[in-house]
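Here is a short report on one protein chain. It moves from single residues to strands, and then to the chain as a whole.

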Amino acid sequence: MSERDRLSDQIHLLGDILGETIVEQAGRPLFDLVEEVRGLAKSHRDGNAEAGVSLVQRIEALPLAEARGVVKAFASYFAVVNLAEEEERVLVLRERERQAHERGQPMEETISAALLALREQGTSPADLQKILHRLLIMPVFTAHPTEAKRRTVLTKFHHLADLLHQLDFQSPSPDERAAALDRLREELASLWETEETRAYKPGVLDEVRNGLYYFETTLFDLAPEIEERMRRGLRETFPDQSFDVPHFLRFGSWIGGDRDGNPNVDPEATEAALREHQTMALRLYLRGLDRMHGHLSVALREGESHAPDAELEESLRADALLYPEVGKRAEDRYRRQPYRQKLAFVYKKLQATLDAAARPWRADHRPAPGTYASAAQFLEDLRTIQTSLRRRAGNRLADGALGTLLTQAEIFGFHLATLDLRQHAQRHADAFAEIFGRYGHGEAWSGGNDAKRAEMITAELLSPRPLTARLDFSKNTNETLELFRLVRRAHDRIGHEAVETYIVSMTRGVADILSVQLLAKDAGVEDALDIVPLFETVADLHQAPITMERLFQNPAY
């Protein structure tokens with residue numbers, strides 16, 4: 001069967017099931033109306049002008065309820081057609097990969113093909129290693145709510161795609177195919193009865209959770225796979241060489257951090273976004289451990305009374321002091337299975353960390369006993385298991401599912417995606433007008449040009465004294481100052497990867513960047529925050545080289 005015929009059959013199948021769903025859920029009259037509209041539209045597309053006129057008249061005369069039904073029917077149809085086309089694209093790509101493999105060549109537009117091209121162009125292994133050490137790919141999720149679908153609807157589409165995948169790739173028996181089609185009908189009925197958009201204006205946290213959906217369903221599992229494809233491609237392209245492949249794939253987001261023009265993105269919203277990131281990361285690690293349950297059931301041989309090495313044994317003793325009830329239960333259930341015992345403690349500590357992450361942040365942060373104070377401690381536990389397992393059972397188990405979880409922890413940490421912050425330069429200038437006014441220098445600041453303001457800021461940057469103590473300024477200034485203190489709390493609780501970049505929109509001069517540097521210094525995060533100027537007007541873009549040269553010449557910068 002040709003690709004076109006296969007796709008056509010899939011679309012017809014989904015269209016027929018959707019038609020059945022409309023009849024079942026909304027009645028035959030709506031189905032007949034949809035078919036009438038579809039027929040007129042097809043006739044108009046084929047060149048029948050009268051059909052086009054009739055179509056417009058029919059649509060304009062529809063009562064609101066019927067019009068909503070027609071719109072929903074066509075929206076649902078195009079949604080399932082998109083799913084069918086995506087599934088067909090997967091089939092085509094797999095077939096092309098199979099054919100390329102039979103020819104002994106990598107498929108075009110893959111990592112292996114890129115590596116082969118580099119080799120044929122004369123790139124040496126040493127040069128390639130330098131490229132790998134510099135390589136960083138960082139997709140960033142935008143703050144603009146371009147995805148209007150609810151998370152519930154996205155999940156339903158994901159279930160539909162899984163069922164199509166099952167029908168296409170798993171060679172189901174007749175009974176299995178019938179069962180899959182029944183589930184597909186059920187999902188379409190559920191989709192039909194679900195409002196596709198929210199009945200309320202989405203808040204910042206809604207947008208954050210929509211963005212995190214893609215980490216939960218795709219990116220968390222895909223990232224280690226992409227890095228493994230790089231390693232596999234290197235082995236195939238340069239079989240006599242070994243390479244160090246650092247983690248080159250990371251993720252960022254502006255959702256919940258972009259406050260330029262959005263008054264709803266205040267420090268409370270940004271904290272909530274950061275906590276959502278941490279919570280999702282912890283849940284995904286717990287999911288990873290659930291998937292491995294029963295996998296690392298390596299048992300001590302008869303007569304061995306201790307864990308296979310001292311480091312693992314010591315870590316088990318330390319964990320048992322924190323959670324004696326977990327230790328007793330694990331000892332009883334996983335007798336002579338030290339790795340499952342250790343994973344039981346890891347699971348408990350992740351759960352405790354998740355519970356702590358659900359609580360609002362306080363200024364006096366003290367990690368609770370039995371929680372992971374950082375992703376580094378979680379990684380330490382995983383590496384302890386991996387090192388011992390490698391000695392005990394070899395690389396296969398050490399680098400398999402456990403290695404994947406370890407890679408995920410190294411890529412995503414407890415931050416999941418780095419949250420970029422963005423604020424308009426004028427907000428910082430307004431804050432400093434009030435702050436310097438408190439010290440009797442407000443007039444000098446407000447009346448000064450960029451050079452004068454830069455001089456005032458530089459003096460404060462080179463001074464050891466703090467700039468602010470209490471947040472007792474106006475609401476806007478307090479919010480501006482609080483944001484940097486929030487960055488400090490995020491670094492303490494999640495890690496420096498939680499917030500790495502502060503973008504200054506409408507940057508015009510040196511003072512716009514130094515102002516942010518001073519606020520970061522006042523909060524204790526100057527060395528852990530990249531300040532990025534955003535030159536936006538034509539004049540500022542032309543002036544940018546001079547502005548940057550002055551910055552690089554500034555002793556405080």
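L416 is buried, because its relative accessibility is 1% and buried means under 20%. This is a predicted model. L416 sits in the loop between α16 (401-412) and β3. The backbone of L416 has a phi near 65°, a positive value in a residue other than glycine. Most residues other than glycine have a negative phi.

M506 is another such case. Its phi is positive, about 55°, although M506 is not a glycine. M506 lies in the loop between β5 (501-505) and α21 (510-523).

Why does β5 count as largely enclosed by the rest of the structure? Five of the five residues of β5 are buried, so the strand is largely enclosed. In a regular strand the side chains alternate between the two faces of the sheet. Both faces of β5 are covered. On one side, T501, I503 and S505 are buried. On the other, Y502 and V504 are buried.

Strand β5 pairs with β4 (residues 421-424) in the parallel sense, over four bridges. Within that pairing, R422 has I503 of β5 as its bridge partner. Strand β5 also runs parallel to β6 (residues 530-534), and five bridges join the two. Here Y502 stands opposite I531 in β6.

**The three-stranded sheet**

An open sheet has three strands in the order β1-β2-β3, and the pairing is parallel. Which strands form its edges? They are β1 (140-141) and β3 (418-419), each of which pairs on one side only. Strand β2 (residues 252-253) runs parallel to β3, and two bridges join them.

| Strand pair | Bridges | Sense |
|---|---|---|
| β2 and β3 | two | parallel |
| β4 and β5 | four | parallel |
| β5 and β6 | five | parallel |

**Q408 in helix α16**

Now to the helices. Q408 is found in helix α16. Is Q408 buried or exposed? Q408 is buried, because its relative accessible area is 4% and the cut-off for buried is under 20%. Leaving out residues up to four places away in sequence, Q408 touches F220, D221, P224, Y285 and G413. With D221 there is also a polar contact: the two side chains meet at 3.4 Å. Y285 is 123 residues from Q408 along the chain, and their C-alpha atoms are separated by 8.4 Å.

**T237 in helix α9**

T237 belongs to helix α9 (residues 204-237). T237 counts as buried because its relative accessibility is 7%. Its side chain reaches the backbone oxygen of G233 at 2.7 Å. What does T237 touch, not counting residues up to four places away in sequence? The residues are S112, L115, L116 and R119.

**G122, an exposed loop residue**

G122 lies in the loop between α5 (111-120) and α6 (125-134). G122 counts as exposed because its relative accessible area is 56%, and exposed means over 50%.

**The chain as a whole**

The chain has 557 residues, and 45% of them count as buried. Its secondary structure comprises 22 helices and six strands. Along the principal axes, the C-alpha atoms fill a box of roughly 80 × 75 × 60 Å.

Among contacts between residues at least 6 apart in sequence, 78% join residues at least 24 apart.

The chain exposes about 29,700 Å². Carbon and sulfur atoms supply 50% of that area.

Conventions: Residues numbered from 1 in each chain as written. Predicted model: local features only at pLDDT ≥ 70, side-chain atom pairs only at ≥ 80, totals over all residues. Heavy atoms only, no water. Buried < 20%, exposed > 50% of the residue type's maximum accessible area, 1.4 Å probe, protein only. Polar contact = N/O pair within 3.5 Å; in protein donor to acceptor, adjacent residues only side chain to side chain. Contact = heavy atoms within 4.5 Å. Pairing = 2+ DSSP bridges. Areas by Shrake-Rupley, 256 points an atom, 1.4 Å probe, with all protein chains shown as cover.
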